[in-house]
Amino acid sequence: MKIVVKVGSNLLVGSSGLKKSYIAELCREIAHLKEQGHEVAIITSGARAAGFTYLGKGKKTQDLHTKQALCAVGQVQLMKVYENAFDFYDIKIAQILLTRDTFSDRKRYLNLRNTLIGLSEFDVVPIVNENDTVATEEITLGDNDTLAAMFSIAWDADILVLFTTVDGVIDKEGKLVERFDESVELKDLGKSSWGTGGIRSKIEAALMASKCGVKVTICNGNDLSNLTRFVRGESVGTVFEPRERLRAKKAWIAFLSEPSGKIYVNEGAEQALKSGGSLLPVGVVRVEGNFDVGDVVEILNEKGELVGRGIVNYSSSDLERISGHRSSDLKKILGYEGSKVVVHIDNMWLA
């Protein structure tokens, strides 16, 4: 079984810096899981706080270049703590620093998957963080909850544990939601001082992963036994039951890729897609954005509602020329023999 554990700054960082004893306990729990034959990856925060403590100066709120410098310094300190803790169990670790375009770029995404296969063969624990030293607004993931969900999908994980400082998702009456339902009204618990995500970011991440077949819990990380209990099948925290597992390519299209444009389709095309058909030029009514062959696009109906996403077989300029036309007319319009379909059903995810 593949297990992803996400631990945020609110658990890893105290007033005097990194909580080394907490990390030691976490590594002990993970060592026990590995003894049972499970594979485990850690999504960790704490680099900026570790850098702040190590340098002994600065403020909690800094401009971008100062934050990036603190993360560069702190990442070394953070990995030292993990390495020393896992040494007790003769477990080797690897550092993986990611940005959003690692997932959205198909080639980089496949390279990541290949790296993870190699680490698995060496029986190494991946320790993953966002690459804050190079991340800008355009490529940042925003919080490690999103990173945890994306990594779980890329790794084909079975379980994702999102640790927090409360028992799980709390409804507006203050009661724990044991099985998540999107209709539940939630209590706003805010954000932590060092962290970037609140409970809502965890819920969004959990929904993303569960839609790709990953079983997820949001639970209290102050009790690290929750990790082992959840892996054993116990109900811990707020559980998000997995849906049918998507094939790797469709999971990438649905949740990891970055759409380059939009294609609006008529009602007939929408119904054909939902019945398992491919998107034909005759069903396209409008094109937005600049995209090329092989890019991912959003497919929307005439009301602007998302129908799905797919890898397109035409550039935006060529698609504008053939929109609304039958496939038999394409060669006459374009001057070359193009694909009969705009997006093939095998390269499409339906919302």
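Residues are numbered from 1 along each chain as its sequence is written, and side-chain values use heavy atoms, with hydrogens and water left out. In this predicted model, local features need pLDDT of at least 70 and side-chain atom pairs count only at pLDDT 80 or more, while totals for chains, interfaces and linings use all residues.

Rolling a probe the size of a water molecule over the atoms shows where empty space is left. A cavity is a set of points, on a 1 Å grid over the protein atoms alone, where a 1.4 Å probe fits but cannot get out; lining residues have an atom within 4 Å of a point. Grid points are joined across faces, edges and corners, and a volume is the space filled by probe spheres set on the points. Two cavities of 30 Å³ or more are present. Helices (H or I, at least four residues) and strands (E, at least two) are DSSP runs, numbered from the N terminus. Helix 6 provides the largest share, three residues. By class, six lining residues are nonpolar, one is polar and three are charged. Here Ala, Val, Leu, Ile, Met, Phe, Trp, Tyr, Cys and Pro count as nonpolar, Asp, Glu, Lys and Arg as charged, and the others, Gly among them, as polar.

The second largest cavity has a volume of about 40 Å³. Ile153, Asp156, Cys212, Arg245, Leu246, Ala248 and Ala251 line this second cavity. Five of these residues are nonpolar, none is polar and two are charged.

Leu256 lies in helix 10 (residues 248-256). Leu256 is buried, with a relative accessible area of 1%. Buried means under 20%, exposed over 50%, and partly exposed in between (1.4 Å probe, protein chains only). Beyond its neighbours within four places in sequence, Leu256 is in contact (heavy atoms within 4.5 Å) with Phe103, Ser104, Tyr109, Met150, Ile153, Ala154 and Ala251. Leu256 and Ala154 are 102 residues apart in sequence, yet their C-alpha atoms are 8.5 Å apart in space.

Five strands form an open, mixed sheet in the order 11-10-12-13-14. Strand 11 (284-288) and strand 14 (348-350) stand at the edges with a single partner strand each, so one side of each is left without a neighbour in the sheet. Two strands pair if DSSP finds at least two bridges between them. The twist averages 20° from one strand to the next. Strand 13 (residues 306-311) and strand 14 pair in the antiparallel sense over three bridges. Met348 in strand 14 is the bridge partner of Gly310. Helix 10 lies across strand 12 (296-301), strand 13 and strand 14, at about 120° to strand 13. Axes are lines fitted to C-alpha atoms, for helices over the stretch in contact, and angles run from 0 to 180 degrees between N-to-C directions.

Backbone angles were also examined. Most residues other than glycine have a negative phi. Asp90 has a positive phi, near 55°. Asp90 is in the loop between helix 4 (64-87) and strand 5 (93-98), and counts as exposed at 60% relative accessibility. Asp123 also has a positive phi, near 60°. Asp123 is in the loop between helix 6 and strand 6 (125-130), and counts as partly exposed at 49%.

Methods: 1 Å grid on protein atoms, 1.4 Å probe; cavity = no way out; pocket = protein on both sides within 12 Å on 5 of 7 lines; lining within 4 Å.
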